[in-house]
Amino acid sequence: MSTVILVTGGTGLVGKAIEYVIENEPVGSRFGKRPNEKWIFAASSEGDLRDPEQTRKLFEKYQPTHVIHLAALVGGLFKNMKYKLTFLRENILINDNVLHASYEHKTQKLISCLSTCVFPDKVEYPLTELNIHNGPPHESNFGYAHAKRMVDVQNHAYKEEFGCNFTSAIPTNVFGPHDNYDLEDSHVIPGLIHKCYLAKQNNTPFVVSGTGKPLRQFIYSRDLAKLFIWQLREYDDVEPVILSVGEDEEVSIKEVADAIVKAVGFQGSYTFDTSRADGQYRKPASNKKLLSLIGDFKFTPFEEALNESVKWFLENYDNARIGKVPTA
Ligand code: NAP
Ligand code: GFB
């Protein structure tokens, strides 16, 4: 019987990375496509998942046996701070529709995607899968964070009442090709790559928001893609798994900005706009559970992954998601 894998949010940063890995890894290899598999990478134009009817139609069209659920309203710190209710409501709608359609269509397996920002802000570090509900998330993104936490609650409820094989992944901050480079709504790495590129083009100052002191763990989208394929094939438990580089790989925003200046080849001066928010100071997550299950996994070194990401951005600027760019 053929296996049909539906990737919701298949046109975004993470979806495109899974598509890249499935198309480029050797067929039949651990992270490669299997001969009997059909992969569907769905865009929002194929069905607005905030709408139950459109969601049902998408499932009827593809009859998926397995689902990797990535679709979400996603954004960086500043967009999250501005639209807390919209992030809460839209993601609750999308998730409820996809989980219920997966149940109605007797989908054999569903993996949903959370984020390390769901964890409590004031908790013992490093963060592990066990303390996901042990206190409020950071105030800067509580809308998005609570909507994502609810997926873990829904997964357990679907399992207990109907025996559904629903689980979830918890990635740290992700970056790579096909990111969202909007100057205001994006995450820090694509935002700074775009700002640094424009500063070089227009010979204007490169301005980094905040103090540059916060710490983050970043996973390359193409490494994360392999981990999703591993979870799809080899992990059958309702409990979530953190998909991340090690907690000792934390880097400061200043170190990230320095690496981007080097990768873009920017010679000018860069400053910090400390009037802008830093958000959560750090959210160090442990990947011990992942490594105990997957065995040895080679992560792409940060600078190598950043250089590949900058190269993709420079080569695809005209078709990339750059948002509104102020004229110089
Ligand atoms: P992204 O690049 O913004 O892509 C979002 C995807 O979701 C796109 O394919 C988009 O389709 C689709 N989508 C959005 N709203 C939709 C709707 N109403 N109906 C149907 N599809 C919709 O996001 P990403 O960074 O790849 O994120 C993928 C997943 O990873 C999300 O669940 C996110 O929460 C999670 N995550 C991301 C990060 C990160 O740092 N980026 C970190 C942790 C977790 P169109 O493009 O066709 O509109
Ligand atoms: O990536 P980012 O937006 O998300 O910001 P979070 C990370 C840090 O980078 C913050 C600083 O300390 C920002 O002050 N920063 C510096 C910048 N310059 C920039 C810039 O030009 N753009 C942006 N965006 N940041 C998000 C959550 O938190 O993490 C989301 O709000 C999601 O819900 C995402 O979970 C993965 O790591 O602070």
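A cavity is a set of grid points where a 1.4 Å probe fits but cannot get out, and its lining residues have an atom within 4 Å of a point. With that in mind, let's tour this predicted model.

**Stop 1: the cavity.** Select Thr116, Thr172, Asn173, Arg216, Gln217, Glu250, Lys283 and Pro284, which line the largest cavity. Its volume is about 40 Å³, and the structure holds 1 cavity of 30 Å³ or more.

**Stop 2: two helices.** Next, select residues 52–62, which form helix 2, and residues 84–104, which form helix 4. Their axes come within 9 Å and cross at roughly 45°. The crossing of helix 2 past helix 4 is right-handed. Now show the side chains where they touch: Pro52, Thr55, Arg56 and Phe59 from helix 2, with Asn97, Val98, Ala101, Ser102 and Glu104 from helix 4. This contact is made up of 4 nonpolar, 3 polar and 2 charged residues.

Stop 3: Move on to glutamine 63, in the loop between helix 2 and strand 3 (66–69). Look at its backbone: phi is near 45°, a positive value in a residue that is not glycine.

**Stop 4: a cis peptide bond.** Finally, select tyrosine 125 and proline 126. Which kind of peptide bond joins tyrosine 125 and proline 126? The bond is cis, with omega at about 0°. You will find proline 126 in the loop between strand 4 (109–113) and helix 5 (142–162).

Notes:
Residues are numbered from 1 along each chain as its sequence is written. Chains are lettered from A and ligands numbered from 1 in the order in which they are written. This is a predicted model: local features need pLDDT of at least 70, side-chain atom pairs count only at pLDDT 80 or more; totals for chains, interfaces and linings use all residues. Side-chain values use heavy atoms; hydrogens and water are left out. On a 1 Å grid over the protein atoms alone, a cavity is a set of points where a 1.4 Å probe fits but cannot get out, and a pocket is an open set with protein on both sides within 12 Å along at least five of seven lines; lining residues have an atom within 4 Å of a point. Grid points are joined across faces, edges and corners, and a volume is the space filled by probe spheres set on the points. Axes are lines fitted to C-alpha atoms, for helices over the stretch in contact, and angles run from 0 to 180 degrees between N-to-C directions. Helices (H or I, at least four residues) and strands (E, at least two) are DSSP runs, numbered from the N terminus. A crossing is left-handed if the near helix is turned anticlockwise from the far one by less than a right angle, and right-handed if clockwise. Contact means heavy atoms within 4.5 Å. Ala, Val, Leu, Ile, Met, Phe, Trp, Tyr, Cys and Pro count as nonpolar, Asp, Glu, Lys and Arg as charged, and the others, Gly among them, as polar.
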